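Hi,

Here is the structure I promised to pass on to you. Have a look at it first, and then read my notes below.

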Amino acid sequence: MSTTHLSCRCGACRFKVEGAPILTVDCQCTSCRRAADRIAALPGGADDRAATGGLPYALFRKDRVTATGEGWAEMRLTAKSPTRRVIATCCNTFMALDFSKGHWLSVPTARWPDGQAPAPELRTMCKDRTDPAPLPDDIPNPGTHTAAFMVRLVAAWAKMGFRSPKILPDLPAVKEPDHV
Ligand SMILES: [Zn+2]
Ligand SMILES: [Zn+2]
């Protein structure tokens with residue numbers, strides 16, 4: 001199985017991922033775009049959006065991801081959000097989108113070295129778009145998560161024996177300038 005090493009922008013926090021992603025998507029949902037604004041507003045924060053305005057991710061089985069480094073924190077859009085964005089606070093890099101109960105971890109493809117990021121297979125949640133510019137039709141642009149998308153996720157879960165390992169549990173909230 002191939003091994004990919006991904007790191008924050010300063011290199012102190014890293015993921016080692018084994019094998020190919022379950023799926024690669026460019027997520028156009030409102031939550032991803034709102035979170036991107038907040039992450040970009042962190043000190044030294046960057047904007048990982050693609051030219052389409054969406055967030056491109058590669059989804060990996062959690063049992064194939066190992067995290068190393070210190071200074072991890074999380075951002076939730078609201079205190080009760082079941083999803084969190086994992087941030088490397090050494091340089092405030094967005095490292096992963098994590099539905100904590102889920103078996104997959106979504107890593108922004110911006111974390112790959114230049115020119116090596118896996119291309120998205122589809123854009124998802126396009127019904128949430130507010131940008132009037134039309135999307136390119138190079139890949140499918142479904143309005144919501146498709147059945148095929150769900151089938152791929154569940155098939156990966158079956159191969160994991162329906163286990164959902166935790167990655168970096170119990171992180172502190174990231175310090176945000178506007179959300180103190
Ligand atoms: Zn860093
Ligand atoms: Zn999203």
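This is a predicted model: local features need pLDDT of at least 70, side-chain atom pairs count only at pLDDT 80 or more; totals for chains, interfaces and linings use all residues.

Let me start with helix α1, which spans residues 30–40. Its buried residues are Cys 32, Ala 35, Ala 36 and Ile 39. Because these cover an arc of only 110° around the axis, they sit on the same side of α1. On the face turned away from that buried side you will find Arg 34 and Asp 37, both exposed.

Next, the core. The largest nonpolar core has 35 residues, and those with the most contacts inside it are Tyr 57, Leu 59, Phe 60, Ile 87, Met 95 and Val 107. At least two residues each come from β2 (14–18), β3, α1, β4, β6, β7, β8 and β9 (104–108). The biggest share is from β4, which gives 5 residues. Leaving aside residues up to four places away in sequence, Tyr 57 touches Thr 24, Val 25, Cys 27 and Leu 97, among others.

Finally, strand β3, where 5 of 5 residues are buried. Leu 23, Val 25 and Cys 27 point one way, while Thr 24 and Asp 26 point the other. In a regular strand, side chains alternate between the two faces of the sheet. With β4, β3 pairs in the antiparallel sense over 5 bridges, and Cys 27 has Leu 55 as its bridge partner there. With β10 (residues 122–124), β3 pairs in the parallel sense over 3 bridges, and Asp 26 stands opposite Arg 123.

Best wishes

Methods: Residues are numbered from 1 along each chain as its sequence is written. Chains are lettered from A and ligands numbered from 1 in the order in which they are written. A residue is buried if 20 or more other C-beta atoms lie within 10 Å of its own, exposed if 12 or fewer, and partly exposed in between; C-beta atoms are placed from the backbone. Helices (H or I, at least four residues) and strands (E, at least two) are DSSP runs, numbered from the N terminus. The arc is that of the directions from the helix axis to the C-beta atoms. A nonpolar core is a set of buried Ala, Val, Leu, Ile, Met, Phe, Trp, Tyr and Cys residues joined through C-beta atoms within 7 Å. Two residues are in contact if their C-beta atoms, placed from the backbone, lie within 7 Å. Two strands pair if DSSP finds at least two bridges between them.
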